[in-house]
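I opened this structure to look up a few local features and to record them in order.

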Amino acid sequence: MQAHPEATGEVRARALFGHRTAAVLARIAIVVIAFRVVLAALFDHDPPIDTTVSAAHIWATIAAAMIAAACGALAHLLRRNRQLAADVRRLEARIEDISDRNFELKEAAERMRGLFETLGDVIVRRDDDGRVTYANDAYGALVGRPPDAILGTVLAPAVVEQGAVTATADGTRIHDQKLDTAAGPCWIAWRDVQVRGTDGRAETQSVGRDITDRAGTERALAEARDLAEAANRAKSRFLAMVSHEIRTPLNGILGMADLMLDTPLTPEQTAYANAVKTSGGMLLSLIEEILDFSKIEAGRLDLEARPFALGLLIEEAVELLAPRAQAKGLQIASYVDEQLAPRVIGDVARLHQVLLNLAGNAIKFTDRGGVAVIAEPGARPDEIILVVRDTGIGIAPDAQARIFDEFEQADASSTRKFGGTGLGLAITKRIIERMGGRIGVESAVGAGSTFRVSLSLPPAPDASQTARAVPSLTGTAVMIVSPSMIDAPLMARQLGRWGAATCVIADERIATAVLPERQWDAIMVDHAIGTAGLEALARSVDQQVTRRILLITPTERHALAALKDAGYTGYLVKPVRAASLAARFTGNADTFDPELPPTPVEPGDEPPLSYSGLSVLVAEDNEINALLARALLVRLGHRPTLAGNGAIAVEFWLAAQAAGVGYDVVLMDLSMPEIDGTEATRRIRLAEAERGCPRTPIIALTANAFEEDREQCAAAGLDGFLTKPFDRDRLAAALALATGSSTTLAA
Ligand code: ADP
């Protein structure tokens with residue numbers, strides 16, 4: 001700001017006047033002094049002057065002295081005046097400076113106000129009594145009054161809804177409020193802080209932001225999510241219902257096809273019946289996958305934590321898949337590192353499912369070579385790495401992440417060669433993640449795939465007592481002759497762990513050449529090298545090699561007799577279990593004894609069931625399923641009685657009890673008209689309790705495979721659980737379990 005121009009001129013004028021006056025006074029003083037000097041010169045000469053002149057002299061002197069004193073005083077005043085003028089100038093400069101700064105501060109305050117108002121934030125300050133000490137325009141708009149009119153009042157918009165309040169480390173309170181404002185309802189997100197007011201007292205400064213739009217969006221999202229969840233639940237219920245409805249007739253199709261295959265048929269009829277059975281089986285596995293996935297999606301995947309033998313689980317899964325692999329001419333083998341705890345805690349059924357899916361895929365996508373399933377310890381404590389490796393078609397890099405999503409397949413074209421739903425890996429990944437593990441794949445097109453699962457499975461407390469007996473083969477030399485790149489190396493690894501020195505040779509000519517090189521304790525020869533090779537080797541092996549073991553697949557058993565004659569001392573059925581391998585190296589060398597190795601059971605080889613001739617009441621409303629159950633029971637040697645619904649079943653049961661010929665077991669369909677299976681079971685249990693008669697085992701027949709169905713069954717007093725579709729074996733197993741001592745619900 002500029003100083004006032006008039007004031008500046010006045011100061012200058014005064015200064016100029018001071019200078020000039022001083023100059024005039026100085027001249028007057030000089031003239032007075034000169035006058036006094038002249039007077040002195042005139043009157044100091046002889047002859048002496050008269051007294052009149054002398055008085056004038058005195059007066060002149062006094063006058064000159066007074067004028068000189070006045071001049072001195074005037075000069076002092078003028079100097080002081082100059083000083084004051086300089087001070088005034090300095091002060092004026094300071095005033096100018098301060099005015100400039102004041103002007104800038106006002107501008108900055110205006111800018112800030114403009115900014116706040118543009119942001120639209122609501123600002124209000126209140127003292128301890130809640131009285132407004134400051135409010136901006138936006139707050140005024142909320143209350144519906146100008147900000148000045150609110151000052152000193154406790155006016156505030158009504159709170160319609162209060163959100164949760166959180167406090168930050170610096171004491172700021174953060175909360176949302178729905179307010180009923182002058183402009184209608186709105187959501188404000190507040191930040192309240194304690195500040196010092198102008199009078200030094202504490203005040204609460206609240207800065208609020210209008211989040212009405214955001215809150216609306218969030219609300220809409222929450223509603224959409226609730227709707228989606230409800231739809232998801234409805235989808236799961238729908239799938240469960242559809243699956244139930246499909247399973248029931250499927251039970252009839254599969255069961256009847258089975259029964260038909262047991263009757264005398266022409267080769268053409270057998271082919272058709274087999275086709276019906278295969279298609280039915282495929283439909284069943286499809287339904288099961290969809291149902292399983294919907295169950296997992298609905299968050300209904302409950303895991304068990306029970307001790308189980310990890311090695312056995314892997315060997316059984318591999319044995320189950322072996323016929324499929326061997327039918328394609330593939331090798332399949334497993335290896336379980338002995339450093340792993342023999343028994344671990346986890347969900348064995350779900351792990352079995354994971355292994356079947358990974359190894360099943362490996363077989364499906366492999367045409368040459370084979371599949372290896374390996375379990376070894378991971379780097380962290382209790383960590384187990386499951387590896388499923390194949391020599392198949394491989395997976396392109398871009399498809400490797402995609403295949404773990406639902407309904408995703410590496411080859412999504414309509415001309416794809418391999419069937420499937422694309423759900424298996426999605427289910428597998430979810431199971432593994434639910435177990436707290438990870439799954440990944442390494443693969444290259446044409447170079448096979450390796451799926452790796454990492455899981456933490458704690459050892460079972462009884463693990464040390466059930467440790468496997470490990471043979472000591474230190475100093476034993478074993479030659480394995482096999483073209484397989486899968487099971488021979490894994491067998492060599494196993495024998496090596498037990499201390500043996502091993503050598504894997506791909507064909508019999510090299511083997512014959514290597515044989516004389518050293519003393520061998522055992523030679524294992526794969527049937528896959530061909531009959532000529534087998535015989536040639538048998539001839540060239542020194543009889544000193546005590547163990548001459550054949551490796552065969554179940555379908556090659558027919559050749560055993562001839563090969564025994566050729567000089568082999570024993571055999572192992574592929575895929576070879578670790579326990580069978582150990583048994584071959586610890587027991588008698590001459591072991592063509594079929595009972596010794598725990599080889600896989602082939603279909604039709606199972607021992608006859610030791611129980612038969614049970615009197616079975618079948619409560620089933622579906623005629624075809626009732627017919628099937630009756631036919632299967634008759635084939636198993638039992639005596640079935642059919643009841644068309646729950647009420648008839650209870651009636652039959654009571655009548656049989658009264659006649660003293662109670663049923664040995666009841667097969668109870670769960671969903672029946674009039675009285676359903678659970679209610680009928682409750683009535684039978686009640687009658688048993690009233691009469692004090694022994695408990696009749698009751699097995700539930702159901703197409704619902706959910707865990708809670710099992711729980712419901714157990715709660716209703718059922719002893720077993722048979723999921724449709726069932727076949728002869730599963731029916732026999734369920735009967736055995738229910739009539740035996742076990743009270744576990746059968747799958
Ligand atoms: P599905 O086998 O029913 O198609 P999955 O979810 O089990 O469904 O597998 C998804 C896809 O991943 C398969 O379609 C296939 O393209 C690919 N895939 C899975 N395992 C292998 C494997 N071992 N080798 C090659 N491709 C595989």
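**Basis.** I worked from a predicted model, in which local features need pLDDT of at least 70 and side-chain atom pairs count only at pLDDT 80 or more, while totals for chains, interfaces and linings use all residues. Residues are numbered from 1 along each chain as its sequence is written, and side-chain values use heavy atoms, with hydrogens and water left out.

**Ligand shell.** I found 22 residues around the ligand, the closest being Asn361, Asp390, Gln409, Ala410 and Leu425. Helix H8 (348–364), helix H10 (424–434) and strand E14 (449–456) each supply at least two residues of this shell. H8 gives the most, with four residues. Helices (H or I, at least four residues) and strands (E, at least two) are DSSP runs, numbered from the N terminus. By class, I noted nine nonpolar, nine polar and four charged residues in the shell. Here Ala, Val, Leu, Ile, Met, Phe, Trp, Tyr, Cys and Pro count as nonpolar, Asp, Glu, Lys and Arg as charged, and the others, Gly among them, as polar.

I then looked up distances from ligand oxygen atoms. One entry is 2.7 Å, to an N or O atom in the side chain of Asn361. The backbone also takes part: a polar backbone atom of Gly422 is 3.1 Å from a ligand oxygen, and a backbone N or O atom of Leu425 lies 2.7 Å from a ligand oxygen. The protein covers 96% of the 530 Å² of accessible area that the ligand has on its own (Shrake-Rupley method, 1.4 Å probe).

**Cysteines.** I searched for disulfides, taken as pairs of cysteine sulfur atoms within 2.5 Å, and the count came to zero. Cys71 sits in helix H2 (residues 51–119) and is buried, at 11% relative accessible area. Buried means under 20%, exposed over 50%, and partly exposed in between (1.4 Å probe, protein chains only). The C-alpha atom of Cys71 is 8.4 Å from that of Ile28, 43 residues apart along the chain. Cys503, at 23% relative accessibility, is partly exposed.

**Backbone.** I recorded a cis peptide bond between Lys574 and Pro575, with omega about -5°. Pro575 is in the loop between strand E19 (570–573) and helix H15 (578–586). Asp382 is not a glycine, yet has a positive phi of about 65°. I placed Asp382 in the loop between strand E11 (370–377) and strand E12 (383–390), partly exposed at 37% relative accessible area.

Definitions and conventions:
A residue is near a molecule or strand if one of its heavy atoms lies within 4 Å of it. A polar contact is a pair of N or O atoms within 3.5 Å; within protein, one must be able to donate a hydrogen and the other to accept it, and residues adjacent in sequence count only if both atoms are side-chain atoms.
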